[in-house]
Amino acid sequence: MTVFHFFNCAILTFGPHAVYYSATPLSEYDTLGTSIKSALVYLGTALVKLVCLATFLKVSENDSFDPYQELLKALIGFIDVAGLYFALTQLTHRNISQNHKFQAVGLGWAFADSVLHRLAPLWVGARGLEFTWDYILQGLEANANLVFSISLAALGSLIWLRKNKPKTLIPIIYACAGIVATMPSITSYLRRGLGWHFPKVVGFELFTSLVTAFISWNLFSACQRPSS
């Protein structure tokens, strides 16, 4: 039963990444190398973030919400944006379109995040004797993060790679990118500041990720249309 629960949670956590790659044109254009490079950039970015967090943040004795500490975390979190910029603009990619590039980068980014933050807790906890919903919720949270990562990569590609954007959409693109980039701080405030329980936070992340994906896709489609 414990092994069965572990495999169920693992499939829920990592399966959607494989499904997305196989069910979209990414597999047809052989963008796996781009996703792997993006995952490696994420690991380097995570290391830089870890050093910054250990240097500038103090260890809190309780789990209460500290606005100053959370602001520092949000600022340090923008290192992810710098890493995503590097993955989108500086890495050498095969001859793939901008549409496939941001999806491959976002997919690799999300997969590396899931492996780094969820694989070890899943391996240790999901094989326990006592059943818990926490690891199922973590799998759902990983799915929301996959959508967030691809949405942020899409918005980043519009900001850094698309030159002929409609001027009326530029503030909306930057605003949406800022919201997605600060989503970890938003969920931290909901959990610590407002006292939301984990299932409620995951539900918020799933709903927000769908809204973000809808907005990002429409913005990307609008920027793809030829200007009149």
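The model is predicted, so to speak of local features requires pLDDT of at least 70 and side-chain atom pairs count only at pLDDT 80 or more, while totals for chains, interfaces and linings use all residues. Residues are numbered from 1 along each chain as its sequence is written, and side-chain values use heavy atoms, with hydrogens and water left out.

**Stop 1: Asp-80 and Lys-49**

Select Asp-80 and Lys-49. Their side chains form a salt bridge, 2.9 Å from N to O (a side-chain nitrogen of Lys or Arg within 4 Å of a carboxyl oxygen of Asp or Glu). The pair links distant parts of the chain, 31 residues apart: Asp-80 sits in helix α4 (residues 79–89) and Lys-49 in helix α2 (residues 32–56). Helices are DSSP runs (H or I, at least four residues), numbered from the N terminus. Both Asp-80 and Lys-49 are buried (under 20% relative accessible area, with a 1.4 Å probe and protein chains only).

**Stop 2: Asp-113 and Arg-118**

Next, select Asp-113 and Arg-118. A salt bridge joins their side chains at 3.0 Å, N to O. Asp-113 has a relative accessible area of 12% and is therefore buried. Arg-118 is buried too, at 9%.

**Stop 3: Arg-118 and Glu-141**

Arg-118 belongs to helix α5 (residues 98–125) and Glu-141 to helix α6 (residues 134–160); the two residues are 23 apart and link distant parts of the chain. Glu-141 counts as buried because its relative accessible area is 14%. Through shared partners, Asp-113, Arg-118 and Glu-141 form one network of salt bridges.

How many salt bridges are there by this rule? The count is three.

Methods: Buried means under 20% relative accessible area, exposed over 50%, partly exposed in between (1.4 Å probe, protein chains only).
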